[in-house]
Amino acid sequence: MSSVVHASSSSVIVSPARGFRGSVMLPGDKSISHRYAMLAGFAVGTSRLTNFSTGADPLSSLGCMKAMGAKMETVGKTIEVTGTGGVLRSPKGDLDCGNSGSTMRMLAGLVAAQKGTFTFVGDESLTVRPMERIRKPLELMGARMDLTDGHAPMTVHGGKLRGIDFEAPIASAQVKTAVLFAGLQAEGVTSIAESVRTRDHSEHALRAFGAELERVDGRLRIAGGQKLKAIDATVPGDMSSAAFFLCAALLFEDSNLVLDSLGINPTRAAMLDVISAMGGVIKVLDVAETHGEMAGTIQVNRGRVLAGIDIGGERAAQLIDELPVIAAIAPYTVGGVRIRDAKELRVKESDRIALVVKNLRAMGAEVVEHEDGMDIPGGQVLRGGVIDSGMDHRITMAFAIAALRAEGETEIRGAEAAAISFPEFFVWLDELAMR
Ligand code: S3P
């Protein structure tokens, strides 16, 4: 691997590999880190968070909590967060969420019940992402929100909230979390019904910080007026970051990958089923649970063939962050990959359907684009090409993995985007890929 700096962004050149072997412990899960940052910043007392995500996105959440009065200190590998005891300060300036949709949407729920005005801004990509989805439930609860054409800049005028019964129209853990965080502070009970069961880190994190919530007949219920207490926690490794290396391990017959302390919360572990279905042989060792989150050591080898897969329905929602890398290795499968019901991919950090299609074609692959997914035939030979990351971290990393089996070198433009969730990605890729 080598790096090239262009005028406005940096490129990384990824050369093909002969195998993929080694053992790593991944930085903390991005989704869990966001929630711990927010709830620790809101709680009474000092929380100690170890193996917190190294990605830029969760740092945006910490930065916003700091701007609203939480105190932070890094002590060795631990971040100590002293919370505001449930009263957030109106920040002096805008709350800068950077590239992070999670920060903007979940924090909107947390501040909706607070006195004051909170203006959220983000980078170019975040500024075009849909925010109406949180405005609707939060306004029903009694907050007032100003959006700019349905997007950020977004101002939340906080105030007294009342509980609502909310039927979530889209599968989104961020929207669910915004409503839960508002419900925690509302008058009465808030209940939420999800059409698809999304990641449940907020439910576990709220309970860990001392809140009571229950699931009755498929509805989540949280009573308002609850106070949170600080915790000590170690964040398990990030499954969505692991997905890149798991897919790389599928590309080579004699691969062997060991991932220590990886988060295997069942609402996030659909990727392990995909790896098995595509021919990976997985062993799960040393499973432990802390604060409701399961973690374990995962060993993966590849079986005889790299099989194709069909992904749709509920599965597509549960694998939403992993679909780009599954698509990127699809041409190398026997049988191909078909993805449907994944329209949400179009409103992530980039239009991930369009960019995956464009970049697969740049490597010479045949692919059919659909509004809600794509069909990628198997048995294809890819050649190294020039990849446009669209400054999207998951596109960057997905195509670095596709490059490992391509003929010739691949240049990934805008490769620094990986730092949004996984700054160490290229260093570890280089260690694990056998050349
Ligand atoms: C996340 C939920 C998902 C996911 C995002 C993280 C979370 O987004 O794509 O990377 O931490 O709750 P949606 O809630 O928009 O589906």
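Which helix lies across β9 and β10, and at what angle does it run to β9? The answer is helix α4, residues 132-140, which runs at about 165° to β9. Axes here are lines fitted to C-alpha atoms, for helices over the stretch in contact, with angles from 0 to 180 degrees between N-to-C directions; contact means heavy atoms within 4.5 Å. Helices (H or I, at least four residues) and strands (E, at least two) are DSSP runs numbered from the N terminus.

Colleagues, this is a predicted model, in which local features need pLDDT of at least 70 and side-chain atom pairs count only at pLDDT 80 or more, while totals for chains, interfaces and linings use all residues. Residues are numbered from 1 along each chain as its sequence is written, and side-chain values use heavy atoms, leaving out hydrogens and water.

I turn to the sheet. Four strands form an open sheet in the order β7-β8-β10-β9, with mixed pairing; two strands pair if DSSP finds at least two bridges between them. β7 (95-96) and β9 are the edge strands, and each has a single partner strand, so one side of each lacks a neighbour in the sheet.

Strand β9, residues 144-148, pairs with β10, residues 151-158, in the antiparallel sense over four bridges. Within this pair, Met 145 stands opposite Val 156, and Thr 148 has His 151 as its bridge partner. Two residues separate the strands of this hairpin, where Asp 149 takes a positive phi near 60°. The covered face of β9 carries Met 145 and Leu 147, whereas Arg 144, Asp 146 and Thr 148 lie on the uncovered one.

Next, the cores. A nonpolar core is a set of buried Ala, Val, Leu, Ile, Met, Phe, Trp, Tyr and Cys residues joined through side-chain atoms within 4.5 Å, where buried means under 20% relative accessible area with a 1.4 Å probe, protein chains only. The largest has 81 residues, and Phe 20, Phe 245, Ile 401, Leu 404 and Phe 425 touch the most other members. Helix α7, residues 239-250, supplies the largest share of this core, ten residues.

Finally, the ligand. It is surrounded by 13 residues, the closest being Ser 31, Arg 35, Ser 172, Asp 321 and Lys 348, counting residues with a heavy atom within 4 Å. Oxygen atoms of the ligand lie 2.7 Å from a side-chain N or O atom of Ser 31, 2.9 Å from a backbone N or O atom of Gln 174, and 2.6 Å from a polar side-chain atom of Lys 348.

Technical notes
Buried < 20%, exposed > 50% of the residue type's maximum accessible area, 1.4 Å probe, protein only. Polar contact = N/O pair within 3.5 Å; in protein donor to acceptor, adjacent residues only side chain to side chain.
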